[in-house]
Amino acid sequence: MAYRTFILSAVSALALSGCAVGPDRVSPSPPSPSATSGPFLSAQNDIVTANPLPQDWWRLYEDPVLDGLVADALGANTDIRQAVARMDRARAALRGARSDRLPTVGLTASAAYSRTPEFETPPGADRTGTGISLGADVSYEVDLFGRVSGQISASRNDLAAAQADADAVRVMVVADTTLAYANAASAAARIDVARSIVALLDDSLRLTRRRHEVGMADGLAVARIQSLRDQRAATIPEIEAQRSAALFALATLTGRTPAELPTISGERSIPLEIAAPLPVGDGTQLLARRPDVRAAEQRLLADTDRIGVARADLYPRITLGGSVGSSASSVSNLFSGGPLGFILGPLIDWVFPNREPVFARIDAAKADARASLAAFDGAILNALQETETALSRYAGAIERRRSLEQAMRAANKAARITRAQNREGVIDSLDLLDAERTLAETRAELADQDALVSSRQIDLFRALGGSWSAERETAS
């Protein structure tokens, strides 16, 4: 009875002392709320709204082909498959950490046949013998100081970080798939513009040649028109190569070889663009949505938990356990009430007095937590910087296109007037050449700008951390 009272008293004292043990919680220190919760600085224009970004942002383009390609990419992309595998590994580690809460049971069994030397055997005794033993061990760690619970919490946060990393890969893959599709469509549109410019210059070239034949234009004018026409024709193969590269990238992103990409994927010849103002939300929504910020936060929590795990080693590790075993000369005798032994009681394991290695592990865990805190702060600042930059670039691309559209209207008007005056003989072919060159350059520039606007839109969605329609897995 005295022994039992001593054990209960010791356990109670250790439990009370364990209440003071735990991780040093590292509080995140993001920028002030006013710097993260309000509207974006670069969103003060008519091309965006403060409405929340929809989950499946690519559906705003209302293109069924793009919807199918994104679904294929989310299901078959190799980067996503790697991220999901890493998430499964983190889930397995969580299961392993949780298993430490359960008792450990071990079974042992042995059988031996022996023969002793004759000089060691008493007269008349049997020199041979058989021995069989069977035993069982049960142990359970009493988590008084948070070692097991801390490991479980850290593993749970590791899993949440891996899930956020997988989200980040999905965001990247969706944006890259949309961009590749948009690049292919923009390239097709630029090819159409380049061919129409060449056709227009062919008409001007035929007209100039006829005028040259009747003595109304010199050979220099013909040569210059021909040179301009050939220069514009030379741009077509390069744009076609860019379109092919976009389609090859699209095939890889959707888990296909280039030969397996459906033909319909490259049939669009109109730039991919949302004409309405884009929904971008605000800073609070951005930080809650960005997967890299969520991953950094979860890693900070996991590293904070590991401080407590390391600190638990300063205190005794208490294991409750017992063992039972029996040995006999035959299997039948094992269960006939023969020799049976058992042990039952607590085991205290305490590294003392040299605890410097434990303090070193605690300091290392604190350093990891400080590094994770810095990474978390950096993720917030990077998210805000990327979004503001993307908004600014998108606004700049829209503004430049508006100027080019005005220039295009003016160049079209000037070209029509110049052609009419040239036919009437009011101006010479050099003036016509100058007008045609201005029109060709402006049309090509506007087509390139349409492609840039499309790209800037997708870059903005990427910075906003747009999500997807798949069900999210949560760590339990």
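**Helix packing and salt bridges in a predicted model**

Analyst: Helix 5 and helix 8 cross in a left-handed manner. Please bear in mind that the model is predicted.

User: At what angle do the axes of helix 5 and helix 8 cross?

Analyst: The two axes cross at roughly 165 degrees and come within 8 Å of each other. Helix 5 is therefore roughly antiparallel to helix 8, because angles over 145 degrees count as roughly antiparallel. Sorted by class, the residues in this contact are 12 nonpolar, five polar and eight charged.

User: How is the pairing of helix 8 with helix 10 to be read, and which way are these helices set, parallel or antiparallel?

Analyst: Helix 8 covers residues 291-312 and helix 10 covers residues 356-424; their axes cross at roughly 165 degrees and come within 8 Å. The two helices are therefore roughly antiparallel to each other. The crossing of helix 8 and helix 10 is left-handed. The contact of helix 8 with helix 10 has 15 nonpolar, three polar and nine charged residues.

User: What span should helix 5 have at 1.5 Å a residue?

Analyst: The expected span is 1.5 Å times one less than the number of residues. Helix 5, residues 147-213, has 67 residues and should therefore span 99 Å; its end C-alpha atoms lie 96 Å apart, which agrees. Following helix 5 comes Gly 215, with a positive phi near 85 degrees.

User: Which residue other than glycine has a positive phi?

Analyst: As a general idea, most residues other than glycine have a negative phi. Glu 62 is a case with a positive value, near 55 degrees. Glu 62 sits in the loop between strand 1 (48-49) and helix 3 (64-76). With a relative accessibility of 71%, Glu 62 counts as exposed.

User: How many salt bridges are there?

Analyst: Side chains of opposite charge can pair when their charged atoms come close. The cut-off used for a salt bridge is a nitrogen to oxygen distance within 4 Å. By this rule the model has 29 salt bridges.

User: Which parts does the pair of Asp 176 and Arg 462 tie together?

Analyst: The closest N and O atoms of Asp 176 and Arg 462 are 2.8 Å apart in their salt bridge. Asp 176 belongs to helix 5 and Arg 462 to helix 11 (residues 429-464), so this pair ties together parts that are 286 residues apart in sequence. Asp 176 is partly exposed, at 23% relative accessible area, and Arg 462 is partly exposed as well, at 26%.

User: How far apart in helix 10 are Glu 399 and Arg 402?

Analyst: Glu 399 and Arg 402 are three residues apart in helix 10, so about one helical turn separates them. Their side chains form a salt bridge at 3.9 Å, N to O. Both residues count as partly exposed: Glu 399 has a relative accessibility of 45%, and Arg 402 has a relative accessible area of 36%.

User: Which residue forms a salt bridge with Asp 67?

Analyst: The partner of Asp 67 is Arg 59, with their closest N and O atoms 3.5 Å apart. Arg 59 has a relative accessible area of 40% and is therefore partly exposed.

User: Which residues are linked in a network of salt bridges?

Analyst: One such network links Glu 273, Arg 401, Glu 405 and Asp 450.

Methods: Residues numbered from 1 in each chain as written. Predicted model: local features only at pLDDT ≥ 70, side-chain atom pairs only at ≥ 80, totals over all residues. Heavy atoms only, no water. Axes fitted to C-alpha atoms, helices over the stretch in contact; angles between N-to-C directions. Helix = DSSP H or I, 4+ residues; strand = E, 2+ residues; numbered from the N terminus. Parallel < 35°, antiparallel > 145°, perpendicular 65-115°, else oblique. Left-handed = near helix turned anticlockwise from the far one by under 90°. Nonpolar A, V, L, I, M, F, W, Y, C, P; charged D, E, K, R; others polar. Buried < 20%, exposed > 50% of the residue type's maximum accessible area, 1.4 Å probe, protein only.
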